[in-house]
Amino acid sequence: DEVGRADGQVKLRGLRVELGEIDAVLTAHPDVAAFVSAVRDGQLVGYLVPAAGRAPVVADVLASGADRLPEYMIPTATIVLDELPLTDNGKLDRKALPEPAISVADRREPVGPEETAMCELFAAALRIDVTEVGADDDFFVLGGDSIMSITLVNAARRRGITIGPRDVFQWRTPAALAQIAEFAQEQVDDGPGPR
């Protein structure tokens, strides 16, 4: 009794998600031998088998699908496997796909004012407690969507932190966004001027 229809269509946060379409787009990446997506505990999880002799960078593979898939159809967690689990008759064994390991114990506290500020901004945009946001937590895994990403960007700008909606989609975590936001600030600081 798989959730969704036989053609791999499932509902995620009220949105219709075509698993087959995600898999086809991301399997087309030259570093990928196979890509399978599934909904686990309310999040879209990808399972990637690298092409022979390749070491794919997950972020690059996901970015390659960003132009062809809507944001909510990009997996928020991706697990790299040596091979996909198969049933006795050679079909994909979805039940044997591993669960993504995200635990509160693994949550990293923010370091420095930039990461702390980004965690606070994440919490405000997502309307959750700041204690629920770790420095390496993915904005979309925490429940974010494209509307919330714009809220985040606007709130960051009001605090003098310059990031764009595409940055949120690409970098996803407070730590990564703090790094690029900090970089934008350094560009300003290092400009010509009296010493």
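The following legends describe close-up views of a predicted model. Local features need pLDDT of at least 70 and side-chain atom pairs count only at pLDDT 80 or more, whereas totals for chains, interfaces and linings use all residues. Residues are numbered from 1 along each chain as its sequence is written, and side-chain values use heavy atoms, with hydrogens and water left out.

View 1. Buried means under 20% relative accessible area, exposed over 50%, and partly exposed in between (1.4 Å probe, protein chains only). Strands (E, at least two residues) and helices (H or I, at least four) are DSSP runs, numbered from the N terminus.

**View 2. Strand partners of β4.** Strand β3 (residues 32-40) runs antiparallel to β4 and is joined to it by eight bridges; strands pair if DSSP finds at least two bridges between them. Ala-38 has Val-45 of β4 as its bridge partner. Strand β5 (residues 77-80) is parallel to β4, with four bridges between them, and Ala-77 of β5 lies opposite Val-45.

**View 3. The largest nonpolar core.** This core has 39 residues, among which Val-17, Ile-22, Met-118, Phe-122, Phe-139 and Ile-163 touch the most other members. Helix α3 (residues 112-126) supplies its largest share, eight residues. A nonpolar core is a set of buried Ala, Val, Leu, Ile, Met, Phe, Trp, Tyr and Cys residues joined through side-chain atoms within 4.5 Å.

**View 4. The second core.** A separate core of 10 residues includes Val-36, Val-49, Leu-81 and Leu-97.
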